[in-house]
Amino acid sequence: MKSFTYERVDTPAAATAAFARTPGARFIAGGTNLLDLMKLEIETPGHLIDVSRIGLDRIEPTSDGGIRIGAMVRNTDLAADAQIRRDYGLVSRALVAGASGQLRNKATTAGNLLQRTRCPYFYDTNQPCNKRKPGSGCAAIGGFSRIHAIVGASDACIATHPSDMAVAMQALDAAVETIDTAGKTRRIALADFYRAPANTPHLETVLAPGELITAVTLPKPVGGTHIYHKVRDRASYAFALISVGAVVQRDGRGHVAIGGVGYKPWRIKAADAELPRGAKAATAALLAGAKTTHENAYKLPLVERTLASVLAQAKG
Amino acid sequence: MAIPEEFPISRRGLLAGGAVSVAAVSAAGSPDARAAVEKAPSRPPTARVAFHVNNTAHELELDTRTTLLDALREHLRLTGTKKGCDHGQCGACTVIVDGRRINSCLSLAVMHDGDKITTIEGLGLPGNLHPMQQAFVEHDGYQCGYCTPGQICSAVAVLEEIKAGIPSHVTADLSDPPSVTRPELRERMSGNICRCGAYSNIVDAIVDVAGVKA
């Protein structure tokens, strides 16, 4: 691991001010992904700003009947929160489908959104990777691509986003609240939060340098049946090959987002409209234009069948 | 300890004991230590941290890169906690911090200022075992034993998590409190890998401590 200096701050404003003083710094909270990547020298910050004690650890109602989840709320606490379990069960279900008990105790809401891909070529510093080292190439294209993206990828990167929670958040129309180094706050729909890889796969979100996530908000509860179905190589403690997060109403209408297929949780509004017609129609809309390799072509029928299972389960 | 001339401070030398690294900072007056510091290409940044481990207060000056795991093992000599993968994948390093189990390998020691940390040594020692340690012995919940301290710390915390109503992937209904069942225990213990495959005996041990018929 490269050496770094360390400071702990007490407030979000102090965090962004510290960043402004030390360009190239990184915020650290749970650290379960960042520290792992620092050990491999994939991340090499010269300065760490510890934001784990800046507050932002509450779950509270918003003025429009929704809910605001502080950036520092731990994954365990979010999954266990009584209101989240009651009104946003999809979030609880997605969280407990991910990682391990130990990791969920540390990992934060904002950090979960910002975790980086599990592409093995991103992790292997002997391999070219445009995300890790811009311009070096992509070893996954033409390599072992079983776990890689089938939608939204580019000639520079076919990595997927590994988060389960983000899939639930996307299906529920979440938004991200931030503060920047000038103290300005803004709200970004999660749908607009992740950048397509294009020729710059190292740029993963629309956050500016030093811009800090302060909360994730969800609109008022939509009712319905909340189902998160994750397909993986092990029954527990494995990343998704694909996952389906859905909220389905009695009349068959609903929202659906797919994990494990692209650089972000995959949600297509036109696919939501197809849900009452069944999994085949909805999947066709969701994965229109999918580009597969011989190793990940299985994801197309797997998404359709998993969605069919989810819709059948929702009917009860 | 023979240290080659050209490597006045080796990583191994530093890791050989907290006493060594602390001394290098505090005993700057000693000619040897000063010479060593001057010869080193650049000294890595350090920070002070104070925390309680197994009810004993400690204050350390650490290279900022030191994980909680390395602080416990290499600086405090609490070698019960094990380094398996060092990447949060195996659970051998599991300790309990402020009542919650975490992977100590994926946490910086300097971020634990003021925390209360419990390691396997703090749960119980030979002659005065924690019920979970006793149950692992009685049920043969291990073979080689390397993952066992992490398994036991995790298991103790798992029962508390169920008591606190924290749901898991296999909890059937999010509106009902979870109960101690074998599927719940297996799911909740999935972050602790046992290469010897003692899983069924580990679950037996936890069921025994929970005092339920599962």
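Residues are numbered from 1 along each chain as its sequence is written, and chains are lettered from A and ligands numbered from 1 in the order in which they are written. Because the model is predicted, local features need pLDDT of at least 70 and side-chain atom pairs count only at pLDDT 80 or more, while totals for chains, interfaces and linings use all residues; side-chain values use heavy atoms, with hydrogens and water left out.

**View 1. The three-stranded open sheet of chain A has the order β9-β10-β11, with antiparallel pairing.** Helices (H or I, at least four residues) and strands (E, at least two) are DSSP runs numbered from the N terminus, and two strands pair if DSSP finds at least two bridges between them. The edge strands, each pairing on one side only, are β9 (225-231) and β11 (254-259) of chain A. On average, neighbouring strands of this sheet are turned by 10° against each other, direction ignored. Axes are lines fitted to C-alpha atoms, for helices over the stretch in contact, and angles run from 0 to 180 degrees between N-to-C directions. Seven bridges join β9(A) to β10(A), and the two run antiparallel; A:Ile227 has A:Ala246 in β10(A) as its bridge partner. Strand β10 (residues 242-248) of chain A is joined to β11(A) by six bridges, again antiparallel, and A:Val248 stands opposite A:Gly254 in β11(A). Five of the seven residues of β9(A) are buried, so this strand is largely enclosed by the rest of the structure. Buried means under 20% relative accessible area, exposed over 50%, and partly exposed in between (1.4 Å probe, protein chains only). Helix α12 (residues 299-315) of chain A lies across β9, β10 and β11 of chain A and runs at about 30° to β10(A).

**View 2. A:Leu275 lies in the loop between α10 (269-274) and α11 (279-286) of chain A.** A:Leu275 counts as buried, at 3% relative accessibility. Its C-alpha is 6.6 Å from that of A:Gly254, which is 21 residues away in sequence. Apart from neighbours within four places in sequence, A:Leu275 is in contact (heavy atoms within 4.5 Å) with A:Gly252, A:Gly254, A:His255, A:Val256, A:Ala282, A:Leu307 and A:Leu311.

**View 3. Five strands of chain A form an open sheet in the order β4-β5-β8-β6-β7, with antiparallel pairing.** Strands β4 (59-61) and β7 (185-189) of chain A are at the edges, each pairing on one side only. Neighbouring strands here are turned by 25° against each other on average, direction ignored. Strand β5 (residues 67-70) of chain A runs antiparallel to strand β8 (residues 212-218) of chain A, and four bridges join them. Within β8(A), A:Val216 is the residue opposite A:Ile69. Helix α1 (residues 12-21) of chain A lies across β6 (175-179) and β8 of chain A, at about 135° to β8(A).

**View 4. Helix α5 (residues 89-96) of chain A is mostly covered.** Eight of its eight residues are buried: A:Gly89, A:Leu90, A:Val91, A:Ser92, A:Arg93, A:Ala94, A:Leu95 and A:Val96.

**View 5. Helix α7 (residues 148-163) of chain B packs against helix α9 (residues 199-210) of chain B, their axes coming within 11 Å and crossing at roughly 40°.** That angle makes α7(B) oblique to α9(B). Angles under 35 degrees count as roughly parallel, over 145 as roughly antiparallel, 65 to 115 as roughly perpendicular and the rest as oblique. The crossing is right-handed; a crossing is left-handed if the near helix is turned anticlockwise from the far one by less than a right angle, and right-handed if clockwise. From α7(B), residues B:Gln151, B:Ala155 and B:Leu159 meet B:Ile202, B:Ile206, B:Val209 and B:Ala210 of α9(B). The residues of this contact divide into six nonpolar, one polar and no charged. Ala, Val, Leu, Ile, Met, Phe, Trp, Tyr, Cys and Pro count as nonpolar, Asp, Glu, Lys and Arg as charged, and the others, Gly among them, as polar.

**View 6. Helix α6 (residues 131-138) of chain B and α7(B) pack at about 125°, with their axes 10 Å apart.** The two helices α6(B) and α7(B) are therefore oblique to each other, and their crossing is right-handed. B:Met132, B:Gln133 and B:Phe136 in α6(B) meet B:Thr148, B:Gln151, B:Ile152, B:Ala155, B:Val156 and B:Leu159 in α7(B).
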